[in-house]
Amino acid sequence: MALIIRRRSLVRILLFFGFAILLRFLVVSPASPASSVASRFYTSDPQEIQKHGVLDLVTRGEKALDARKHKFLQVRMGRDEREDLFTGAVRDGILDYWERFQKPFIEGHETSYMDAQSVLTSIEQLLTLNGWVAAKCPTLTRPFGQNKDEDAYDDLANQGHLYYIGMVIHSADHFLTDQLAVIVQLARRLGTSNLFVSMLDYDSSDSTETLTDLCEAVLTLLGVPYRIRRVPSMTVDPSAAYYPLEEAHTRNLALEPLHELLVKRDIKFHRVIWLKGFTCPNDILESIRISMVNDAAMVCGMDWAEHNGFFIFSDRWRTRDINGDQFRQSVSSSLSSSSLNTVPPRDTVGAQRYAKHLPFQVFCCESGTHVVDPEQSYYAGITYRAGPDFYNATQPDDPPIRLPDDKCLDSTQAWFCRDLWVWKAKDGMKDVEQDLEVIETTTKQKRTVDPIEPVADEHVLQRRQVVPEREDADANAGSDYDASDLPQNDPPPVSEQRLTAPNAVFLPVRIMVNPRCVTTYAGVSHAQLALDLFGPPDRENREDELKDQDVLQDWEGAPDSFVCQEQQTTGGRRASKNQRRLGFSIHQELEEALSQ
Ligand SMILES: *[C@@H]1O[C@H](CO)[C@@H](O)[C@H](O)[C@H]1NC(C)=O
């Protein structure tokens with residue numbers, strides 16, 4: 001009896017060891033066998049990010065984003081594969097070149113080592129890819145010595161965090177090569193397998209498609225994980241499109257791999273970087289650092305557009321200072337005047353900090369390239385959305401009647417910011433165990449809500465009209481279009497003040513603008529802009545003392561009202577914008593969410 005039991009367990013132990021040895025063999029044997037066996041285990045769509053398999057769990061501890069090992073980390077979706085006139089000729093040419101000039105050398109004994117060597121050499125060369133504009137970045141004026149050699153951002157690189165780069169491209173081929181150069185520069189600094197690049201081509205009609213082929217080739221060679229995807233437009237007729245909805249749709253699509261990587265492979269990213277327009281690599285790294293030291297939910301740059309010979313602050317549609325006011329359309333040299341009434345942010349603290357080139361808190365921003373903490377946003381379930389009640393002007397119904405305190409039909413970013421404020425308030429209540437009753441009885445008011453004073457800065461603009469002159473251009477194409485075409489006057493103060501808890505009692509969201517991170521568009525003279533913004537490089541002695549102030553000590557609550565600039569109807573990006581001042585009550589938003 002005892003013998004039988006012993007024998008049985010012996011067999012089991014032997015089986016276990018056999019299996020373990022097999023596993024070990026699969027895992028330890030050089031490079032490919034493990035993954036090729038693994039890929040036989042998974043038979044589903046190779047484009048989809050694969051769930052962890054048994055083998056992945058065994059090999060844990062290696063780099064999570066190893067694109068050379070996992071095919072599904074480098075995926076191209078929606079490429080136009082239709083045959084055309086030249087397909088046959090091109091295919092024959094490639095085959096001929098391969099057969100006569102490549103294959104014989106790869107297979108030849110004496111020459112085979114050269115092949116591997118030439119790949120390595122091209123990777124080396126690609127890593128120095130600088131682009132046209134990006135190559136000039138180190139020469140541009142920056143305060144606090146961002147461009148000095150000793151600051152190589154080693155602190156960021158050594159932490160080994162994962163970064164997610166999101167891009168939505170709509171006919172913006174003039175940026176793409178430089179944006180690729182910026183990505184390569186970031187990859188070189190942060191590590192090629194610490195990045196994931198998500199490029200979404202939204203129905204571009206220029207050479208974006210060809211340039212994304214180039215991006216694909218470069219990223220593949222470098223082993224940077226990516227998903228490059230082309231999607232058709234939401235509407236066939238551009239005039240039937242609702243722009244904020246398109247913004248939300250494309251942003252969410254660009255974030256799909258972020259969520260897939262979390263669900264299927266348990267990979268979390270430290271920060272999401274949205275690349276827009278053109279931004280220098282060092283400025284992006286600096287914004288990441290500012291985001292980290294402040295534990296900020298979002299840090300935006302500032303974008304500047306060329307306008308009749310000067311540069312103006314551009315993204316006024318989506319940016320609001322901490323009082324809910326829109327930024328001024330200031331010129332880049334506004335700091336040279338002694339008055340703070342000419343700088344972009346209108347609130348006092350923001351203006352003072354802007355004048356010292358320090359990051360300042362805002363209610364909302366986008367302003368070109370911006371850095372988002374997914375832990376305080378996407379991973380918490382916040383997605384991009386747009387107001388559902390827009391009027392589809394291509395349909396025969398009458399436009400709806402709008403009430404003064406209807407929800408604001410503004411950009412998807414503005415919705416995103418409000419969602420961040422409401423989420424943070426809810427999250428904070430969970431921690432502090434405050435309930436709505438307590439809040440209702442609190443009357444603490446941090447800020448006196450003055451009625452909006454008349455605009456004092458418009459003299460800056462008097463010399464010219466801010467009417468767009470690009471009637472024939474595709475307004476949807478990646479550009480500084482958001483710089484202009486806004487209503488000129490401030491809206492009147494909001495009529496009635498609601499009798500709920502003021503927003504100041506809730507936990508503040510840390511949304512910041514970093515004025516040292518400059519985003520530009522085509523036609524901008526970077527050297528001049530940098531000089532305008534930061535002056536000649538002679539402020540060395542103040543640097544250390546000021547830099548300590550990068551960390552903001554006092555965070556404000558949300559404003560109780562904000563300037564709402566909305567698109568109420570379809571008509572693409574050019575649809576006219578309305579403006580009103582609208583109350584914003586976190587308390588009320590929370591109650592609405594509860595009652596649903
Ligand atoms: C507006 O209506 C047209 C025609 O029915 C439709 O094709 C289009 O998708 C609608 N636009 C939006 C943004 O829903």
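Among contacts in the protein chain (heavy atoms within 4.5 Å) between residues at least 6 apart in sequence, 80% join residues at least 24 apart. The C-alpha atoms of Met-77 and Arg-230 are 153 residues apart along the chain, yet 6.3 Å separates them. Setting aside neighbours within four places in sequence, Met-77 touches Gln-47, Arg-227, Ile-228, Arg-229 and Arg-230.

A word on the ground rules: this is a predicted model, in which local features need pLDDT of at least 70 and side-chain atom pairs count only at pLDDT 80 or more, while totals for chains, interfaces and linings use all residues. Residues are numbered from 1 along each chain as its sequence is written, and side-chain values use heavy atoms, with hydrogens and water left out.

**Overall make-up**

The protein chain has 17 helices and 14 strands; these are DSSP runs numbered from the N terminus, with helices being H or I of at least four residues and strands being E of at least two. Of the 596 residues in the protein chain, 50% are buried. Here buried means under 20% relative accessible area, exposed means over 50%, and partly exposed is in between, using a 1.4 Å probe and protein chains only. The protein chain exposes about 29300 Å², and carbon and sulfur atoms supply 56% of that. Such areas come from the Shrake-Rupley method with a 1.4 Å probe, and for residues only the protein chains shown count as cover.

Strand 12 (residues 511-520) is largely enclosed by the rest of the structure, because 10 of its 10 residues are buried.

| Partner of strand 12 | Sense | Bridges | Example of facing residues |
|---|---|---|---|
| Strand 6 (residues 278-279) | antiparallel | two | Phe-278 and Thr-520 |
| Strand 7 (residues 298-307) | parallel | six | Met-298 and Ile-511 |
| Strand 10 (residues 360-364) | antiparallel | two | Gln-361 and Met-512 |

In soluble globular proteins, nonpolar side chains tend to be buried together.

**A buried arginine**

Arg-251 lies in helix 9 (residues 243-254) and is buried, with a relative accessible area of 7%. Its side chain makes a polar contact of 3.2 Å with the side chain of Glu-366. That term covers a pair of N or O atoms within 3.5 Å; within protein, one must be able to donate a hydrogen and the other to accept it, and residues adjacent in sequence count only if both atoms are side-chain atoms. Beyond neighbours within four places in sequence, Arg-251 is in contact with Val-168, Trp-274, Lys-276, Glu-366, His-370, Tyr-384 and Gln-413.

In helix 10 (residues 256-265), the buried residues are Pro-257, Leu-258, Glu-260, Leu-261 and Arg-265.

**Positive phi angles**

Just after helix 10, Asp-266 takes a positive phi of about 65°. Asp-295, also not a glycine, has a positive phi of about 50°; Asp-295 is found in the loop between helix 11 (281-293) and strand 7 and is partly exposed, at 43% relative accessible area. Ser-367, with phi near 40°, is placed in the loop between strand 10 and strand 11 (370-372). Ser-367 is buried, with a relative accessible area of 1%.

**The ligand site**

Around the ligand are Thr-235, Ala-240, Tyr-242, Phe-390, Asn-392, Thr-394 and Gln-395, each with a heavy atom within 4 Å of it. A polar backbone atom of Ala-240 is 2.8 Å from a nitrogen atom of the ligand. Oxygen atoms of the ligand lie 3.1 Å from a polar side-chain atom of Thr-394 and 2.9 Å from a polar side-chain atom of Gln-395. On its own the ligand has 360 Å² of accessible area, and the protein covers 58% of it.

Notes: Pairing = 2+ DSSP bridges.
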